[in-house]
Amino acid sequence: NNNNNNNNNNNKANTTNKRKRDDTPPPDYKLKYTLQGHEMAISSVKFSPDGQWLASAAADNFIIIWHAITGQYDQTLLGHTQGISDIAWSSNSKYLCSASDDRTVRVWEIATGECLKVLKGHTNYVFCCNFNPPSTLIVSGSHDESVRIWDVKTGQCLKVLPAHSDPVTAVDFNKDGTLIVSGSYDGVCRIWDTVKGQCLKTLIDDDTNPPVSFVKFSPNGKFILTGTLDNTLRLWNHSNTKCLKTYTGHKNEKYCCFSTFSVTNGKWIVSGSEDHLIYIWNLQTRNVVQKLEGHDNVVLSVTAHPTQNIIASGSLDTTVKIWFDL
C-alpha cells in the first residue's frame, strides 16, 4: 500500500511541476523602432543567427540590412528585377539567399553586399527559400509547384522534387539537414529525405484540408509548425504525423503570414495576422498571451532574435518594426 501512495504522490508532484512551467509570466513586448526604407509591402524579415543583423525583403525588389539592436540602416542589396517573397540566412550569418518573382534565387555576401550566385531553373515565381545548417545547400519552393535543392558553391540544381499540385508556399530544413519540409496551397505538408529526394511523410488535416501558407521545423527538430488559411496554426509531431496543438485567435485567410518560435524568455509561438496585429501564444497552454499593435496593415512576417527578447515584424504598410521585451 505504501508503495502505491508514494507513486501517487510522485505523479501529483509531476503534474504540479508541469503546470508551473506553463505559468511563465506573459511577455511584455513594446515597440522600439519603426524602420522606413522600403517603398512597397514587406514580405520577409529575418534576424541573422549571430543576432547582429536584421534583413528585410519587399515587393520593391530590394533587400535591406539593418543593425538588429539599434535599428540603424546598413546597406541595400540590389539585383532582383521583381519583388522578393522570402529571404534566409546562412548559419554563419555571412550569406543571405532570396527568392523572387523574377524566377531566381540569389545568394548574397553580407560583408561586400555582392551577389555571388543567381540560381536559375524555376519556371515561375520563387516563393520561399532556406539554407541547410552547414549552408552547403539551398532549398527553394515555387509557384511552378516544385521544390528544388541547390548546391551553394556551384550554383547547380541538384534535385527537382515534383512536390505539390499547387504553388509551394514554404520550405525548411530540420536541425541536422537530413529532412526538408514543404507546404503548399494544395493543403498538403510533405517531409522529404534531403539526400534521396524521396517523400517520407505527408501531414494533412483530413477533415478540412485548408491551403498551407507556412511550414517550419521547431528549433529541436522534433515538431513542425504549420500555418493554414483557416485562421489556424498547428504544431505536429512529424515522427507519428499527429497534430499536437492548435493556435487560433489571429486572422489568416488570404496571405502567407510567417510564424515562428520564440525561446529566449519562455516558449512562445509568434505570428503575423491580417487584422494588423502580431499574436503571441504560450506554446504549451495555447493561450494568446500578447497582441502587439502598431502596424497599419496586414503583418506578413515576424522573426525572433536568437538570444534577446526582441521581435521584428514586416507589413503591407511598408514598415519594419522592432519590439523589445526588456
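# Strands, turns and buried residues in a predicted model

Biologist: In which loop does Thr241 lie, and what is its phi?

Modeller: Strands here are DSSP runs of E with at least two residues, helices are runs of H or I with at least four residues, and both are numbered from the N terminus. Thr241 sits in the loop between strand S20 (232–237) and strand S21 (242–247). Its phi is positive although Thr241 is a residue other than glycine, and the value is near 55 degrees.

Biologist: Where is Arg103 found, and what is its phi?

Modeller: Arg103 belongs to the loop between strand S7 (95–100) and strand S8 (104–109), where it is partly exposed with a relative accessible area of 43%. Arg103 is not a glycine, yet its phi is positive, at about 75 degrees.

Biologist: How many helices and strands does the protein have, and what is its radius of gyration?

Modeller: The protein contains 1 helix and 28 strands. Its radius of gyration, taken over C-alpha atoms, can be set against the globule rule, which is 2.2 Å times the number of residues to the power 0.38. For 326 residues that rule gives 20 Å, and the protein comes close to it, so it is as compact as a globular protein of that length, with a radius of gyration of 20 Å.

Biologist: What share of the residues of the protein count as buried?

Modeller: Along the principal axes, the C-alpha atoms fill a box of roughly 75 × 45 × 35 Å. Among contacts (heavy atoms within 4.5 Å) between residues at least 6 apart in sequence, 44% join residues at least 24 apart. Of the 326 residues, the share that counts as buried is 55%.

Biologist: Which residue stands opposite Val181 in S16?

Modeller: Two strands pair if DSSP finds at least two bridges between them. S15 is joined to strand S14 (residues 168–173) by 5 bridges in an antiparallel arrangement, with Val168 opposite Ser184. S15 also runs antiparallel to strand S16 (residues 189–193), again with 5 bridges. There, the residue of S16 that stands opposite Val181 is Ile191.

Biologist: Which residue takes a positive phi in the hairpin of S14 and S15, and which one in the turn between S15 and S16?

Modeller: The hairpin of S14 and S15 has 5 residues between the strands, and there the phi near 80 degrees belongs to Gly177. S15 and S16 form a hairpin with 4 residues between them, and the residue in the turn with a positive phi of about 90 degrees is Gly187.

Biologist: What is the bridge partner of Lys46 in S3?

Modeller: 6 of the 6 residues of strand S2 (residues 42–47) are buried, so S2 is largely enclosed by the rest of the structure. S2 pairs with strand S3 (residues 53–58) in the antiparallel sense over 5 bridges, and Gly51, in the turn of their hairpin, has a positive phi of about 80 degrees. Within S3, the bridge partner of Lys46 is Ala55.

Biologist: How far is the C-alpha atom of Val298 from that of Val168?

Modeller: Val298 is buried, with a relative accessible area of 6%, and lies in the loop between strand S25 (288–292) and strand S26 (299–304). Leaving aside neighbours within four places in sequence, its contacts include Tyr255, Cys257 and Ser273. Val298 and Val168 are 130 residues apart along the chain, and their C-alpha atoms are separated by 21 Å.

Methods: Residues numbered from 1 in each chain as written. Predicted model: local features only at pLDDT ≥ 70, side-chain atom pairs only at ≥ 80, totals over all residues. Heavy atoms only, no water. Buried < 20%, exposed > 50% of the residue type's maximum accessible area, 1.4 Å probe, protein only.
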